[in-house]
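Dear colleague,

I am passing on to you the structure below, and I would be glad if you could look at it before reading my notes. After it I set out what was found, one residue at a time.

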Amino acid sequence: MVSLIKEQLKERARTIVELPDHFQPVIEEYFEGENGEGEAMFSWIDEQQDDGISISLDLDGNLTSLSIELKKTNTDKVSLNESELKEQAEQFLRRHYPHALQDLTYYQTKKLTDTYRLYYEQIVMGLPLAHAGCYIDVAPSGEIVNFKYYGLQPEPKIPKTLVAKENLIEHVQNQLDFQLIITNLDSVIHDVAEDGLRLLYNSELFMTYKADAVEPTFTIIYEEDEDYSETYVSLPPPHSVMRKDVSIEEIIGITEEMEIIREVDWGEETGIVWRNRDWKMEENDLSMNSYFQSHNEDTVKAFISKKTGEVRRFVWFKDRSGDLSLNSEECYQKAIDFLQMTIPNYDQYLQLIVRDNNDELDDTRMKEVFSFHVHNGHGIPVYSEIVAVTVNRQTGLIDYYSGPSFDFEQLRHMASEPVISKKEAYDIFLNHLDFELVWNKNYEENEESYTLVYQPCDRHTRKSIRYIDAITGAVITEKN
């Protein structure tokens, strides 16, 4: 790509939004593939306010994505109604893609935390194609703050016949089973009023079916790996009384030579980044690599719970070396010592995951990774929760830690016996179960295509069913 074209793309990007004078460029990156397709990316930020604007263009100068994050907003502006928001979105779309509304159809609006997201879809058989069309985020006052354009896709082949939904429901009736679990529900992901741990019934049954098969046929066939298995091993009890006044810096291993270079508010957590005071950027340009180097190289990143002040997770990007040569057993003891410092009564809720995949252990690796299964102390697993500890074999220090996403105090006070029986959960699930047609995008053999599938949903809300509450019998669905 000649430099003139790069300059033209940069000028084109600067005409799309009004950049505040104090914003500084941090990324100017260009990608070009063998077939001539490519992308140009531009980002500007205000480091003091954590504000930023990002734009992506294709090599013809067409806008493919836009993100505007400004904390200071004009509160004096009047909020627009749904029709006015839609008009703002369509004016923006027509400005960048004059003929888009000839091929794309307004499909729906979703309320996000601070904005409204409007979807304009490529419709086939009355259904939107996945990853086609575009979405536009509009602030209540009418400003466009986010945009993503996927474009038009070749229309898929329409099936001549469809399997009856009754056949699918009968198939589920014969295969459905439930396991009692505990899950940390998130109101951003799940349609619940409050976040927190809940005792639930969960089914691992995969229920997405090809729509044109005569008999119910899964869209994906899962094959079990006979050479892979895992077992859970109890942990040794605490071997000594640990200090209770250990600081965050001591837990992570922060030294006096380091300073905080960033703090970020992540809602329920605070992100903190440290780096040596005398660190210097070797080469500073506007490439993506340079941007990530300035943000990540030789740093230590941690996430701290605002509620408890406990370290949720951290990672060392700064290399540390030493003269030790710890074996696996010695590293394991280091991991146990660390857990004793970070998780009270860890041995009651964690079990070591021992995996057997017939791979020979590599004694030359620099780090030893330990993963721990989480349960409630009464045999009920905490679903999708893994505690991980990585020990540096040369230093004996912890280079990576990922703890639980919840507070153990809540787990200790949870009920461990269901009120709803498994049979009742089975009946509740089937009473709510329905199927709807969707276009599923396939990525097989480097060729993208679409398959019409039936996917399960709640017959009342049309949302995906995730769990049955084992205490109340409530159906827990996904948010959207």
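In which strand is the place of Ser384? Before the answer, please keep in mind that this is a predicted model. Ser384 sits in strand β21, which covers residues 381-392. Although Ser384 is not a glycine, it has a positive phi of about 65 degrees. Ser384 counts as exposed because its relative accessible area is 64%, and the cut-off for exposed is over 50%.

Another residue that is not a glycine and yet has a positive phi is Asp298, with a value of about 60 degrees. Asp298 is found in a loop, the one that lies between α6 (288-296) and β17 (299-305). With a relative accessible area of 28%, Asp298 is described as partly exposed, since that term covers values between the 20% limit for buried and the 50% limit for exposed.

Please then return to strand β21, where Asn392 also has its place. Is Asn392 buried or exposed? Asn392 is buried, because its relative accessible area is 3% and buried means under 20%. The side chain of Asn392 is joined to the side chain of Asp399 by a polar contact of 3.0 Å.

With kind regards

Technical notes:
Residues numbered from 1 in each chain as written. Predicted model: local features only at pLDDT ≥ 70, side-chain atom pairs only at ≥ 80, totals over all residues. Heavy atoms only, no water. Helix = DSSP H or I, 4+ residues; strand = E, 2+ residues; numbered from the N terminus. Buried < 20%, exposed > 50% of the residue type's maximum accessible area, 1.4 Å probe, protein only. Polar contact = N/O pair within 3.5 Å; in protein donor to acceptor, adjacent residues only side chain to side chain.
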